[in-house]
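Have a look at the screen while I talk, and I'll walk you through what I found.

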Amino acid sequence: MTSTTWRHLPPAARAIAVASAEAVEAARARDAEAYPDAVERLAALDPERTGRVLGAVVRALLEELHPDGLDGDDVRAALEHAVRAAGAWQDVDPQVMVLLLVGALGIHEEDEEAPVTPRALAAHAPLLIADLLQTRSLSVYLESAFAEIQRGEVHDG
């Protein structure tokens, strides 16, 4: 369980933060018993909001890991590493991982004929994030994601 309480967040955002942290922690620990329950809790939340938060976390991690910018080889390497690492203990759909990566980078609009389902998002995003985090703290990236989304809503509103 995460030590961050997220009490300062509104209830919907707090639920996303808690469920995301639980799923990523289970993925980092490769806890095959805890992970499915964490995925179900994450999948039960608003998929649009959850996707925005998790996408912002993935984007921030990729930007930090590649401060000079990403190229196709960097994205491919991140994808291959995450699929291999997660595939060692979970069923992984590489196509979902591709959609999560390119969606987080804003390269690809979601295909309306083959959208990432809330369950697929919840099952794959924590695996991708856990792999990208390495030894970093998730809470820093979640805080940043919520701040980025709030700034965007203030400018859009």
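Before anything else, one term: when I say helix, I mean a DSSP run of H or I that is at least four residues long, and helices are numbered from the N terminus. Also, please keep in mind that this is a predicted model.

So, what does the secondary structure come to? We have seven helices and zero strands. If you read along the sequence, the pattern is simply α-α-α-α-α-α-α.

Now the overall shape. For 157 residues, a compact globule would have a radius of gyration near 15 Å, and this protein has 15 Å, so the two agree. The C-alpha atoms fill a box of roughly 40 × 35 × 35 Å along the principal axes. Of the 157 residues, 41% are buried. And here's a number about the fold: take the contacts with a separation of 6 or more, and 74% of them are between residues 24 or more positions apart.

The protein exposes about 8700 Å², with carbon and sulfur atoms supplying 50% of that. As for charges, there are 13 positive and 27 negative ones, and their mean positions sit 7 Å apart.

That brings me to pairs. Side chains of opposite charge can pair when their charged atoms come close. How many salt bridges does the structure hold? Five, and I'll show you some of them.

Let's begin in helix α4, which covers residues 72–87 and contains both R76 and D73. Those two are three residues apart, about one turn of the helix. They form a salt bridge, with the closest N and O atoms 2.6 Å apart. R76 is partly exposed, at a relative accessible area of 45%.

Next, E148 and R59, whose side chains meet in a salt bridge at 2.4 Å, N to O. This pair links distant parts of the chain: E148 is in helix α7, residues 138–156, R59 is in helix α3, residues 47–65, and they are 89 residues apart.

Last one: R136 and E64 form a salt bridge at 2.8 Å, N to O. R136 lies in the loop between α6 and α7 while E64 is in helix α3, so this pair ties together parts that are 72 residues apart in sequence. E64 is partly exposed, with 42% relative accessible area.

That's me done, thanks!

Key: Residues are numbered from 1 along each chain as its sequence is written. This is a predicted model: local features need pLDDT of at least 70, side-chain atom pairs count only at pLDDT 80 or more; totals for chains, interfaces and linings use all residues. Side-chain values use heavy atoms; hydrogens and water are left out. A salt bridge is a side-chain nitrogen of Lys or Arg within 4 Å of a carboxyl oxygen of Asp or Glu. Buried means under 20% relative accessible area, exposed over 50%, partly exposed in between (1.4 Å probe, protein chains only). The radius of gyration is taken over C-alpha atoms; the globule rule is 2.2 Å times the number of residues to the power 0.38. Contact means heavy atoms within 4.5 Å. Accessible areas come from the Shrake-Rupley method with a 1.4 Å probe; for residues, only the protein chains shown count as cover. Lys and Arg count as positive and Asp and Glu as negative; His and the chain ends are not counted. The place of a charge is taken as NZ of Lys, CZ of Arg, CG of Asp or CD of Glu.
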